[in-house]
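Please examine the sequence and the three-dimensional structure shown below. The briefing that follows then describes the fold topic by topic.

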Amino acid sequence: MSDFYEFEMEGEILEEQDSGVWLSIGDLMSGLLMFFALLFITVMVQLKQYQEAFDKLPLVILNTLRQEVPGGDKLEVDPRTGDVSIPDAILFDEGSAELKPAGRQFLLNFIPVYSNVIFSNDEFERMITRVIIEGHTSSFGDERENMQLSLQRALSVSDYISSLNFPTQSQFKYKVLAAGRGELDADQKIDSPGDRKVVFRFQLRPPDWGKMFSVPSSSPETQP
(Lines give C-alpha, C1' and ligand atoms only; values in the text may rest on other atoms or scores of the structure.)
Protein backbone atom coordinates (compact mmCIF):
# COMPACT_ATOMS: atom_id res chain seq x y z
CA MET A 1 0.00 0.00 0.00
CA SER A 2 2.86 2.36 0.94
CA ASP A 3 4.74 1.62 -2.31
CA PHE A 4 1.61 2.27 -4.36
CA TYR A 5 1.06 5.64 -2.61
CA GLU A 6 4.68 6.74 -3.24
CA PHE A 7 4.37 5.72 -6.91
CA GLU A 8 1.18 7.75 -7.27
CA MET A 9 2.80 10.80 -5.65
CA GLU A 10 5.81 10.60 -7.97
CA GLY A 11 3.44 10.47 -10.96
CA GLU A 12 1.65 13.62 -9.83
CA ILE A 13 4.95 15.43 -9.30
CA LEU A 14 6.13 14.50 -12.80
CA GLU A 15 2.87 15.72 -14.30
CA GLU A 16 3.23 19.04 -12.49
CA GLN A 17 6.83 19.38 -13.74
CA ASP A 18 5.77 18.61 -17.34
CA SER A 19 2.98 21.15 -17.08
CA GLY A 20 5.44 23.78 -15.82
CA VAL A 21 7.82 23.11 -18.75
CA TRP A 22 5.04 23.50 -21.32
CA LEU A 23 3.87 26.72 -19.71
CA SER A 24 7.45 28.11 -19.89
CA ILE A 25 7.75 27.20 -23.58
CA GLY A 26 4.37 28.81 -24.23
CA ASP A 27 5.46 32.03 -22.50
CA LEU A 28 8.72 32.02 -24.48
CA MET A 29 6.90 31.60 -27.80
CA SER A 30 4.44 34.37 -26.90
CA GLY A 31 7.33 36.67 -26.03
CA LEU A 32 9.13 35.94 -29.30
CA LEU A 33 5.94 36.49 -31.28
CA MET A 34 5.43 39.86 -29.60
CA PHE A 35 9.09 40.83 -30.25
CA PHE A 36 8.94 40.06 -33.97
CA ALA A 37 5.57 41.80 -34.30
CA LEU A 38 7.01 44.98 -32.75
CA LEU A 39 10.13 44.69 -34.93
CA PHE A 40 7.99 44.34 -38.06
CA ILE A 41 5.91 47.40 -37.14
CA THR A 42 9.09 49.43 -36.45
CA VAL A 43 10.60 48.50 -39.83
CA MET A 44 7.39 49.32 -41.70
CA VAL A 45 7.16 52.73 -40.02
CA GLN A 46 10.77 53.57 -40.95
CA LEU A 47 10.27 52.39 -44.53
CA LYS A 48 7.20 54.59 -44.79
CA GLN A 49 9.15 57.60 -43.50
CA TYR A 50 11.95 56.92 -46.05
CA GLN A 51 9.45 56.60 -48.91
CA GLU A 52 7.62 59.78 -47.88
CA ALA A 53 10.90 61.74 -47.83
CA PHE A 54 11.86 60.23 -51.21
CA ASP A 55 8.49 61.18 -52.72
CA LYS A 56 8.59 64.70 -51.28
CA LEU A 57 12.12 65.60 -52.42
CA PRO A 58 11.43 66.35 -56.15
CA LEU A 59 8.45 68.56 -55.35
CA VAL A 60 10.38 70.52 -52.73
CA ILE A 61 13.26 71.00 -55.19
CA LEU A 62 10.91 72.15 -57.95
CA ASN A 63 8.91 74.62 -55.84
CA THR A 64 11.98 76.08 -54.15
CA LEU A 65 13.88 76.67 -57.38
CA ARG A 66 10.84 78.19 -59.07
CA GLN A 67 10.27 80.62 -56.19
CA GLU A 68 13.80 81.55 -55.12
CA VAL A 69 16.11 81.33 -58.16
CA PRO A 70 15.95 84.02 -60.87
CA GLY A 71 15.42 82.15 -64.13
CA GLY A 72 14.35 79.04 -62.20
CA ASP A 73 11.46 78.56 -64.63
CA LYS A 74 14.03 77.56 -67.29
CA LEU A 75 15.12 74.56 -65.25
CA GLU A 76 13.71 71.08 -65.71
CA VAL A 77 13.12 69.02 -62.57
CA ASP A 78 12.37 65.32 -62.92
CA PRO A 79 9.21 64.72 -60.84
CA ARG A 80 10.34 61.18 -59.96
CA THR A 81 14.01 61.65 -59.07
CA GLY A 82 14.54 65.37 -58.44
CA ASP A 83 17.21 65.59 -61.17
CA VAL A 84 17.72 69.25 -62.19
CA SER A 85 18.66 69.97 -65.81
CA ILE A 86 20.29 73.30 -66.72
CA PRO A 87 20.42 74.09 -70.45
CA ASP A 88 23.99 74.60 -71.67
CA ALA A 89 23.03 77.95 -73.20
CA ILE A 90 22.67 79.38 -69.68
CA LEU A 91 26.18 78.37 -68.62
CA PHE A 92 28.47 78.09 -71.66
CA ASP A 93 29.07 79.40 -75.13
CA GLU A 94 28.90 76.81 -77.88
CA GLY A 95 31.88 74.44 -77.87
CA SER A 96 33.40 76.05 -74.76
CA ALA A 97 33.94 74.63 -71.27
CA GLU A 98 34.53 78.05 -69.73
CA LEU A 99 31.62 79.43 -67.73
CA LYS A 100 30.36 82.67 -69.23
CA PRO A 101 29.55 85.62 -66.91
CA ALA A 102 25.80 84.98 -67.11
CA GLY A 103 26.45 81.33 -66.22
CA ARG A 104 28.48 82.31 -63.17
CA GLN A 105 25.71 84.63 -62.03
CA PHE A 106 23.13 81.90 -62.48
CA LEU A 107 25.15 79.42 -60.40
CA LEU A 108 25.75 82.11 -57.78
CA ASN A 109 21.97 82.30 -57.32
CA PHE A 110 21.18 78.64 -57.87
CA ILE A 111 23.74 76.73 -55.78
CA PRO A 112 23.03 78.21 -52.30
CA VAL A 113 19.29 77.63 -52.74
CA TYR A 114 19.76 74.10 -54.05
CA SER A 115 22.20 73.23 -51.26
CA ASN A 116 19.90 74.67 -48.62
CA VAL A 117 17.10 72.34 -49.71
CA ILE A 118 19.37 69.37 -48.98
CA PHE A 119 20.79 70.51 -45.66
CA SER A 120 17.70 72.15 -44.17
CA ASN A 121 16.04 68.73 -43.88
CA ASP A 122 17.67 65.90 -41.87
CA GLU A 123 15.93 63.20 -43.92
CA PHE A 124 17.16 64.70 -47.22
CA GLU A 125 20.70 65.11 -45.88
CA ARG A 126 20.89 61.46 -44.73
CA MET A 127 19.27 60.15 -47.89
CA ILE A 128 21.48 62.02 -50.40
CA THR A 129 25.00 60.59 -50.45
CA ARG A 130 26.22 62.38 -53.59
CA VAL A 131 25.23 65.20 -55.91
CA ILE A 132 26.56 64.15 -59.30
CA ILE A 133 27.14 67.02 -61.72
CA GLU A 134 26.85 65.55 -65.20
CA GLY A 135 27.87 67.25 -68.44
CA HIS A 136 25.87 66.22 -71.53
CA THR A 137 26.26 67.05 -75.24
CA SER A 138 24.19 66.45 -78.34
CA SER A 139 25.22 63.80 -80.86
CA PHE A 140 26.65 66.43 -83.22
CA GLY A 141 30.41 66.11 -83.81
CA ASP A 142 33.04 63.63 -82.72
CA GLU A 143 31.99 61.27 -79.92
CA ARG A 144 35.35 61.41 -78.12
CA GLU A 145 35.47 65.21 -78.23
CA ASN A 146 31.91 65.36 -76.93
CA MET A 147 32.87 63.19 -73.98
CA GLN A 148 35.85 65.41 -73.16
CA LEU A 149 33.77 68.58 -73.49
CA SER A 150 31.02 67.25 -71.22
CA LEU A 151 33.53 66.29 -68.52
CA GLN A 152 35.33 69.65 -68.74
CA ARG A 153 32.01 71.46 -68.36
CA ALA A 154 31.07 69.39 -65.32
CA LEU A 155 34.48 70.15 -63.79
CA SER A 156 34.06 73.88 -64.53
CA VAL A 157 30.79 73.90 -62.60
CA SER A 158 32.30 71.87 -59.75
CA ASP A 159 35.35 74.16 -59.51
CA TYR A 160 33.17 77.25 -59.47
CA ILE A 161 31.09 75.81 -56.62
CA SER A 162 34.31 75.37 -54.63
CA SER A 163 35.05 79.08 -55.08
CA LEU A 164 31.66 80.21 -53.74
CA ASN A 165 30.94 81.24 -50.20
CA PHE A 166 27.59 80.20 -48.76
CA PRO A 167 26.51 78.71 -45.40
CA THR A 168 26.47 75.02 -46.41
CA GLN A 169 29.39 75.20 -48.86
CA SER A 170 31.73 72.78 -47.02
CA GLN A 171 29.00 70.14 -46.60
CA PHE A 172 27.78 70.53 -50.17
CA LYS A 173 31.30 70.34 -51.61
CA TYR A 174 31.82 67.00 -49.84
CA LYS A 175 28.86 65.49 -51.70
CA VAL A 176 29.70 66.82 -55.19
CA LEU A 177 31.06 64.51 -57.89
CA ALA A 178 31.71 65.67 -61.49
CA ALA A 179 31.09 63.32 -64.41
CA GLY A 180 30.94 63.52 -68.22
CA ARG A 181 28.25 61.68 -70.17
CA GLY A 182 29.13 63.04 -73.61
CA GLU A 183 26.45 62.10 -76.13
CA LEU A 184 25.54 58.81 -74.41
CA ASP A 185 22.02 59.98 -73.54
CA ALA A 186 21.51 62.15 -76.66
CA ASP A 187 19.22 61.57 -79.60
CA GLN A 188 21.53 59.88 -82.12
CA LYS A 189 19.42 60.89 -85.14
CA ILE A 190 19.32 64.67 -84.73
CA ASP A 191 21.36 67.48 -83.17
CA SER A 192 18.91 68.37 -80.45
CA PRO A 193 19.65 71.51 -78.40
CA GLY A 194 17.81 69.93 -75.47
CA ASP A 195 20.54 67.30 -75.19
CA ARG A 196 23.18 69.92 -74.36
CA LYS A 197 22.85 70.44 -70.63
CA VAL A 198 24.32 70.08 -67.17
CA VAL A 199 22.37 67.81 -64.83
CA PHE A 200 22.46 67.82 -61.03
CA ARG A 201 21.58 64.25 -60.07
CA PHE A 202 21.12 62.72 -56.63
CA GLN A 203 22.78 59.51 -55.61
CA LEU A 204 20.57 58.17 -52.84
CA ARG A 205 21.40 55.98 -49.87
CA PRO A 206 19.29 52.80 -49.69
CA PRO A 207 17.30 52.17 -46.50
CA ASP A 208 19.62 51.26 -43.57
CA TRP A 209 18.40 47.71 -42.90
CA GLY A 210 20.96 47.16 -40.13
CA LYS A 211 19.71 50.19 -38.23
CA MET A 212 16.09 49.23 -38.77
CA PHE A 213 16.60 45.72 -37.37
CA SER A 214 18.87 46.76 -34.48
CA VAL A 215 17.46 46.38 -30.98
CA PRO A 216 17.69 49.61 -28.96
CA SER A 217 20.23 49.21 -26.16
CA SER A 218 19.11 49.76 -22.59
CA SER A 219 20.12 52.97 -20.84
CA PRO A 220 23.38 52.67 -18.86
CA GLU A 221 22.90 52.37 -15.13
CA THR A 222 23.45 55.53 -13.16
CA GLN A 223 26.59 55.36 -11.06
CA PRO A 224 26.17 56.33 -7.39
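Which pattern does the protein chain follow when read along the sequence? The pattern is α-β-β-α-α-α-β-α-α-β-β-α, where helices (H or I, at least four residues) and strands (E, at least two) are DSSP runs, numbered from the N terminus. This is a predicted model, in which local features need pLDDT of at least 70 and side-chain atom pairs count only at pLDDT 80 or more, while totals for chains, interfaces and linings use all residues. Residues are numbered from 1 along each chain as its sequence is written, and side-chain values use heavy atoms, with hydrogens and water left out.

**Overall composition**

- The protein chain contains 7 helices and 5 strands.
- Of its 224 residues, 35% count as buried; buried means under 20% relative accessible area, exposed means over 50%, and partly exposed lies in between (1.4 Å probe, protein chains only).
- Among the contacts in the protein chain with a separation of 6 or more, 75% are accounted for by residues 24 or more positions apart; a contact means heavy atoms within 4.5 Å.

**The sheet**

- Strands of a sheet pair through backbone hydrogen bonds, either parallel or antiparallel.
- Here, 5 strands form an open sheet in the order 1-2-5-3-4, and the pairing is mixed; two strands pair if DSSP finds at least two bridges between them.
- Strand 1 and strand 4 (176–182) stand at the edges with a single partner strand each, so one side of each has no neighbour in the sheet.
- Strand 1 (residues 76–77) pairs with strand 2 in the antiparallel sense over 2 bridges, and Glu76 stands opposite Ser85 in strand 2.
- The hairpin of strand 1 and strand 2 has 6 residues between the strands, and Gly82 takes a positive phi near 85° in this hairpin.
- Strand 2 and strand 5 pair in the antiparallel sense over 4 bridges.
- Strand 3 and strand 5 also pair in the antiparallel sense, over 8 bridges.
- Phe200 in strand 5 is the bridge partner of Val84 and also of Ile133.
- Ile128 stands opposite Leu204 in strand 5.

**Helix 3 and helix 5**

- Two packed helices are described by the angle between their axes and the distance between the axes.
- The axes of helix 3 and helix 5 come within 11 Å and cross at roughly 60°; axes are lines fitted to C-alpha atoms, for helices over the stretch in contact, and angles run from 0 to 180 degrees between N-to-C directions.
- Helix 3 is therefore oblique to helix 5, because angles under 35 degrees count as roughly parallel, over 145 as roughly antiparallel, 65 to 115 as roughly perpendicular and the rest as oblique.
- Arg104, Leu107, Leu108 and Ile111 of helix 3 make the contact with Val157, Tyr160 and Ile161 of helix 5.
- Helix 5 lies across strand 3, strand 4 and strand 5, and runs at about 160° to strand 4.

**The nonpolar core**

- In soluble globular proteins, nonpolar side chains tend to be buried together.
- The largest nonpolar core has 39 residues, of which Leu91, Phe110, Tyr114, Val157, Phe172 and Phe200 touch the most other members; such a core is a set of buried Ala, Val, Leu, Ile, Met, Phe, Trp, Tyr and Cys residues joined through side-chain atoms within 4.5 Å.
- Helix 3 provides the largest share of this core, namely 9 residues.
- Not counting residues up to four places away in sequence, Phe172 touches Ile111, Tyr114, Ser115, Ile118, Phe119, Val131, Ile161 and Phe166.

- With residues up to four places away in sequence left out, Arg153 touches Asp88, Phe92, Asp93, Glu94, Gly95, Ser96 and Ala97.
- Leu155 is also found in helix 5, and Leu155 counts as partly exposed because its relative accessibility is 39%.
- Leu155 and Ala178 are 23 residues apart along the chain, and their C-alpha atoms are separated by 5.8 Å.
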